[in-house]
Structures are given as structure tokens and as C-alpha cells.
Amino acid sequence: MSMSMSGVRRLFCDYCRDSTEFELSDGFYHCGQCGSQSQDLICTAADDDDLVEDQNRASLYSHIIQRRRVSPAEPDDGPRDFGPGVRLDPVTVGDGIRMRYVRGLQLILQKQCQVLVDRFGVSLIVCGVASRIWLRYVAVSGVFKDNWISSQIAAQGRETNEKSKKSHAQLIRRALRKTIPLYSTISISFLSCLIAREPILPTDITHWALNSQFPYLSVFLQLENNLSASCPLSSRALFRPVVLLSSWQLESASSEIAERIALQLPPVNFHGLSRRFLREVGLPEGEILPEASRVFEWLLPAEMWVSGNRYAIPTRVSVMAVLVISLRILYGVNGQGVWEMSLEKDLKRGNNENGNHEMEVDNNNMESGFCATDLLRILEASFEKIEVKRDYTNGLDSYIKYCKDVVFPGIAATNDEQAFIDRFWKFYSNNEDNNDNNKGETTNSDHTNINGKRPSDEIDSENKQLKSPKNSSCDSSKIKAIEKMRLEMEENGFTYLTPITKRKNKGYVTYKRVQLNRELAYVAHADYYIILRAFARLARVDVRVMHSSVLELERKLAWIEERISNCFSNVSKDHRLVENREMEVDSD
């Protein structure tokens, strides 16, 4: 802590995570960058002349001594510029902050569009669309009106009480981030991809931003040299986001921006997203996509448009629900026990290598002879391959680098802190080496135990397994696989249904929630659940959310079919009445 000038102290800010200058205001010290109040230092308004010294006692404060008041040469109101004795009007300071904030957000949006085009292969149309949306959004916000700064200072000054007064710069910063929030940049980027008919999901943008592949969390470090210096607030105080929106919130925020600027949005690119999803799970496009397109054109669900409701089902889930319904219709997955029968075939077929080889042959020739068994095999394999982990969770090294570059960017450690870091890191590295050596010793000891003499009970158990018939081993493996599936379904809130042996009709099977133990529970067959969980992991939602979307679309399809059948029945009745009247006229 050091004293630089009267009323200004250099302290460590807990919010900026840096040593900054704190200004004195009403006995409290406030950070010059973020405006936060220091909790460690309070000015008590005691002077050295007020301390009465005594030889036998310590210095004491005396309220009897009075000092002469020196009238200041200029009033102490309004922000101070960089030079001493020069004060600026609050409107002038607010204008500088406003220009720096709006230009900074525009630069962030430009960098985001550039990354979308260069790294992720999005078309150049996104840049033009984003610029038009941005200009309309800034114009509608009204931040460049003549009396906007003075009105915001007056309005927010009334809201704050006397003990928590903030500087005019902090009031303008707070008003700007409320009127044009930082997340508006990623929302406009997603809107541009939606209007340009690009198969980009909100989960993609949030994933890229969280992994520092998309300029958002730490982009403020790149703006300091590109913006003017006529602003008392730093880029960190203006452009550092506090939280990252989830994919659900991103869709809602994008819809709110479109509604605010009176922009009529199209539905999501169903064909592009369906083609992308089918490629990611490894299913044939030529056979499934036409059927899914017919179901989509038949339904045209309202869930294909982004909604401002934060509790609405995401659009990507609705697209995948249409694919699930199409797969069930196309391959007849209606609870016949296809997965259970495939277990018996795989166990009789032999080892897993032959099964994997045959699955690859089916993938190469999937356009001809593709059946429900092949569908479930591919979806089971794709479910294991779909990664949902973050890049920074691979190890401690990647996590520390992520925290340094993304979570706490631009913060340099002091010499003492760096010495502590090096010491702890050396301690961690030594422990890791010791753990690796211990693991090697345990594996070697296990290997020697295996190669040595085995107990008699192990030999007897192996002899029993060799003498047991193959059918019993196949049955036990099948029971274990079914039990594993049942436990997984229960963990995700589903109840396993046994395959249907006798069916009255061979139509489409719909599932409903049933009451088990006085609670409503989801029930499903294993065939349907395998399809459901693969697409749910691909959409990064809960399996029950995907199932609810499928049930909603199935109800709409049933309602449409019922209306059509009623229309046909009415037409046939009218046609019969006309024929009867014609016959009566002819008889007359």
C-alpha cells in the first residue's frame, strides 16, 4: 500500500485482482477501475494535530482541538482528469465512456464473426447480417440520444443511497451494461448464423466460448490498444463478462434482441441440422432424411422458431425429436425387443471383434439392407463416442493454463507469489512421479501373481466354467446386459419395459407417464431408449427433456391424423348424400 497523492491510495482490489488506485469519497476508498469499495481502509478524518502526545501514555485523539478550515480553491464535485486540478463535466466523461463501450462491443462482434468464418467455416454472409443487426440494435437502445447520459446519472443517482454513492463513471458504466449487455455480441452472432441458414447451435457457441476458441471471456485484453484512451475506465472494467450464458439463455436472449429490433426470424435450418446430426451419429442420410423432411413438413411445429421463453424446449431438441419419430416410423421400432434379440445373436456370434467387423461392413453398405438391428448398434457405438467433457478437464496442467488464460487473464503474479507457485508446483510434480512409480510396482506385482501358482479354488471355478454349457453362459450374459440397461434407465428417471410378445395391432406405439409408487414415472422399451439417449447426449440435454419433446410432437401428429380422418369421413358422407339425391331424381 502506497500513498501517491492527496485522497488517492494504491490498494489491492478484490474484484479487479490487481493493485489499482483508490479514490477517497465520503470517508471510503473506491477503486478507480471497477468502483468497488475497499473493506480494509476507512478514512477517520483525524489529523496529526489532533493527537495529544504524553510522555507516560500513548498518543490520544482530542476533540477539543479545533483546526481552521481552508476553503478549497475549486469545488470538489465532478470527475478529475489525468492532470491535477483539471476537472471535467460528468456529461463529457460519460460521452467518452459511451463511445469506448459501444466501439469495444463492435470490435468484439467483428472478431467473433471473423472467427466464425476463418475457423468454423461459416459463410461470409454472417458478417453483413451481424453488422446490420448491430446497427439496428444500437439505434433502438437509444444510448446516443442527447440527454441520455444526464438522465441516466439523475435516475441512478436517485436509486443509490447516501452511503453507497458511486462516481459518475461507474453510473454510466452500469447503465451501459444494462442497456447493451455484453452477451449481446454472442447473441447477435447466433442470430446472424440463424438468418444465414448456417447449422450452428447455441451449444456450439457456448462451448467454443468456454474453451477460449471464441472471443468472449478474455477478449478485453485485445481491446486496450484498439480503443481511445479518453476514458477513466479500463477495458477490464468495461468488457470483462461476469458469467457466460447457457445455451437455453442464449436462445432466449437472441429472441429478445430480435423482438426488440422488430426482426422477423425464420425457423431453424431443419435440413442442415438434420444432415449434421445424422453424420455425427453415423446414420445414412439418403434413407432417413426424406422421411424426416416429410414429417417436418407435415407438422411444421412452432418449436422450430427460437423463443424468448427461457423455459421453452430448445430448437435443436425439436429437430432431434422429429428425427427420433422418423427413425421409429421408418424402421418399426415399437417395442418388439429388437435390442434383446440382437444380444442373443451377438453372443452366439462369438467375440466382440467379429461383431465390430460386421458392424463396419454394415456401415459401408448401409444404404442397402439397413434394418433396426443395425440402427441400434450404430447408436450404441455413437453414444460412447460422443464427448461431453471440456478441454480443460484433461489434467491439472490444462486446467491451470485455462484458469490463467481465460478465468483470470491479464493478472501477473508478484515475485513472492511466483516463488510460492514454483514451490507448490515442484511439490506436485514430485508426488506425481512417486505415484507413477507406485503404479508400476503394483502392476508388476500383479503380473507375477498371475504367472505364479494359482489357488485351487480358482482352478476349480475355471473348470466349472469350462464344463458349463454355452447356452447358460449366453443367458447369463444377456441377463447382465438387460440388468445394466435397467439400472441405467432408472438412474435417468425411466422404467424398463419388457418387449411386447403379443400385439393386437402393428401400429405406432406411444408412451405415456404412468403412476408407480404414487409418483408419475417415464416408461419405455430398451429399443426406444437407445435412440433417445444417443440424441439427448448429442443435444446435451437430459433424456427426459428429449422424451417430453417427442411426446409433444407425437400428440400433434395424432391430432392432425384425427382431423384428417374426420374430414375424409365427412366428405364420404356428403358424397353418399349427393349420390342418393341423384338416384331419387332419376327415379322421379
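I began with Glu552, which forms a salt bridge with Arg555, the closest N and O atoms being 2.7 Å apart. I take a salt bridge to be a side-chain nitrogen of Lys or Arg within 4 Å of a carboxyl oxygen of Asp or Glu. Both Glu552 and Arg555 sit in helix α20, three residues apart, about one turn of the helix. Helices here are DSSP runs (H or I, at least four residues), numbered from the N terminus. Glu552 is partly exposed because its relative accessible area is 29%; buried means under 20%, exposed over 50%, and partly exposed in between (1.4 Å probe, protein chains only).

A note on ground rules: this is a predicted model, so local features need pLDDT of at least 70 and side-chain atom pairs count only at pLDDT 80 or more, while totals for chains, interfaces and linings use all residues. Residues are numbered from 1 along each chain as its sequence is written, and side-chain values use heavy atoms, with hydrogens and water left out.

Next I looked up Glu291, whose side chain meets that of Arg294 in a salt bridge (2.8 Å, N to O). Helix α10 (residues 285-299) holds both Glu291 and Arg294, three residues apart, about one turn of the helix. Glu291 counts as buried because its relative accessibility is 15%.

Then I asked which residue forms a salt bridge with Arg533. I found Glu380, with the closest N and O atoms 4.0 Å apart. This pair links distant parts of the chain, with Arg533 in helix α19 and Glu380 in helix α14 (residues 372-385), 153 residues apart. Arg533 is buried, at a relative accessible area of 6%, whereas Glu380 is partly exposed at 26%.

I also noted a network of salt bridges that links Asp204, Arg276 and Glu280. The count comes to 14 salt bridges by this rule.

On to the backbone. Ser212 is not a glycine, yet its phi is positive, about 65°. I located Ser212 in the loop between α6 (202-210) and α7 (235-239). Arg540 also has a positive phi, near 60°, and is a residue other than glycine. I placed Arg540 in the loop between α19 (526-539) and α20 (543-587). Ser212 is partly exposed at 37% relative accessibility, and Arg540 is partly exposed at 38%.

Last, I checked pLDDT (the predictor's confidence in each residue, from 0 to 100). The chain mean is 77, and 71% of its residues reach 70 or more.

Methods:
Helix = DSSP H or I, 4+ residues; strand = E, 2+ residues; numbered from the N terminus.
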